[in-house]
Amino acid sequence: MQYRELKAFPADFLWGASSSAYQVEGAWNEDGKGPSVIDARGHYPPGTSDYTVASDHYHRFAEDVALFAELGLKAYRFSIAWTRIIPDGDGEVNPAGVAFYHRLIDALVAAGITPIATMYHFDLPAALDGKGGWQDRTCVDAFARFAEVIFREYGDKVKHWLTINEQNMMVLYGEAIGTVKPGQPKSALYQANHHMMLAQAKANLLCHELVPDGLIGPAPNIALCYPETCHPSDVLAADDFNAIRNWLYLDMAVEGRYNSVAWAYLEETGAAPQVAEEDLELLASVRPDFIAFNYYATHTVARPREDGSDVAAGGDQQIAVGEKGIYAGAANPYLPKTEFGWEIDPIGFRNTFRALWDRYHLPLLVTENGLGAFDKLEDGQVHDGYRIDYLRDHIEQIQLAITDGVGVLGYCPWSAIDLVSTHQGVSKRYGFIYVRRDEFDLLDLARFKKDSFHWYAKVIATSGADLS
Ligand code: BG6
């Protein structure tokens, strides 16, 4: 639908930006922090940095928050490293780790920036992983305890909480992201998934109990899946992949039940988890206050070809690999791609907003969206017009979605500042702020405002009225 006039962004729209602890902080073993599964991996894709120093935000957060304030951010979405708070995941609380997030949150609040905290962003404590990780039911209670600690510590200052970042990507592409050891059977992945659902439900209940005016929601990566053609079997394959990739996670988080198509898929593939009677009661007893979601691009899939080509090699958050007898990944000929092969689909953003709103009728908060690129620092400047184009095209679609009647709370693109990507190193940059370091040479880690910084500052100052 085209409109003659668009609705304005709400006055209290959360114009923000995002990061995650392990990708930005560094100081991986300082002040009592324990190792996470990311630290314990020991090897990373060839040619890419580890996460030991990252962007050194742990030591430079004050300088970074001052830059966020200059950018005009209304909100900053960050994650709390479980291993700073409870180094081994379920043992003693680490006061120095607790103090770090007080300092960060206090700096944000003092700068008038609303803190939005992700409780868990890929960095499970390695010690818990050694005990079976999410596949072991005890991890649920360890997470609930961690949740209680952080709600009690920060709940008077942090009112927006996100439970688990991209649980769906950890299940589908955990090997690429580095959260899952190679070769895990699908049944183990979906048992872990079930336990994460329980952990999320417990966190939801605790948040509502301990942070009375707190708001909490899930934060999956949601990408609407298109059929490659209008052949009914392609449409069915897209419906299947929507159920497996998207609705499995949100039907559970919002409605407390397994999506029926996704459950049929789990049974058919021998991956259905063990579900206790009391689990269903717990899951059905919670409701989030909003849905946060990360959006980079849609997916396109086709009916299974049954010729051995259904499963492609590789795959990551935005590259579907296909599954024998279920669906095949396909390219969308109408979409351009980033330098890293991810499709770019701003209109798909609006399609995704509408699908989420129609399905769940909960306010939506965008917690990631952005362009990874090989930026160049020249004479202290980064001319990232390509990122401005990407962000502008997506913000325009948010305004169209708002005009469609969708309730949107805010927009937190990825990323506030350059950080280390999940599996493609520090050279794949997303930030508004450039961090001077290379993959293996830390240089001076100095900060520089990119062209996109100045552009986004103007967007925020005009509440989206001036996107030029
Ligand atoms: C999301 C993650 O999948 O996408 C982030 O939540 C990640 O942690 C972002 O960095 C971009 O992906 P990548 O692989 O380019 O870092």
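**Reading the sheet, the cores and the cavities**

This predicted model holds an open sheet of 8 strands, in the order S5-S4-S3-S2-S1-S11-S10-S7, with parallel pairing.

Q: What makes S5 and S7 edge strands of the sheet?
A: Strand S5 (215–219) and strand S7 (291–294) each have a single partner strand, so one side of each has no neighbour in the sheet. From one strand to the next, the twist averages 30°.

Q: How do you know that S1 and S11 pair?
A: Two strands pair if there are at least two bridges between them. Strand S1 (residues 14–18) and strand S11 (residues 408–411) share 2 bridges, in the parallel sense. That meets the cut-off, so they count as paired. Trp15 has Tyr411 of S11 as its bridge partner.

Q: What joins S7 to S10?
A: There are 4 bridges between S7 and strand S10 (residues 364–368), and the two run parallel. Asn294 stands opposite Glu368 in S10.

Q: Which way do the residues of S7 point, and are they buried or exposed?
A: Ile291 and Phe293 point one way, while Ala292 and Asn294 point the other way. All are buried. Buried means under 20% relative accessible area, so each of these residues falls under that value.

Q: Why is Ala127 called partly exposed?
A: Its relative accessible area is 34%. Buried would need under 20% and exposed over 50%. The value of 34% lies in between, so Ala127 is partly exposed. Ala127 sits in helix H6 (residues 126–130). Its C-alpha atom is separated by 41 Å from that of Asp12, 115 residues apart along the chain.

Q: Which strands does helix H5 touch?
A: Helix H5 (residues 95–110) packs on the sheet and touches strand S2 (75–79) and strand S3 (114–120). The direction of H5 makes about 170° with that of S2.

Q: Which residues touch the most other members of the largest nonpolar core?
A: Tyr101, Trp161 and Tyr456 do, out of 140 residues. Leaving aside neighbours within four places in sequence, Tyr101 is in contact with residues including Ala21, Phe78, Ile85 and Tyr154. Another core, of 9 residues, lies apart from the largest one. Among its members are Ile116, Phe290, Ala292 and Leu365.

Q: How many cavities of 30 Å³ or more are there, and what lines the largest?
A: The structure holds 7.

How values were computed. Residues numbered from 1 in each chain as written. Predicted model: local features only at pLDDT ≥ 70, side-chain atom pairs only at ≥ 80, totals over all residues. Heavy atoms only, no water. Axes fitted to C-alpha atoms, helices over the stretch in contact; angles between N-to-C directions. Contact = heavy atoms within 4.5 Å. Core = buried A, V, L, I, M, F, W, Y, C linked by side-chain atoms within 4.5 Å. Buried < 20%, exposed > 50% of the residue type's maximum accessible area, 1.4 Å probe, protein only. 1 Å grid on protein atoms, 1.4 Å probe; cavity = no way out; pocket = protein on both sides within 12 Å on 5 of 7 lines; lining within 4 Å. Points joined across faces, edges and corners; volume = space filled by probe spheres on them.
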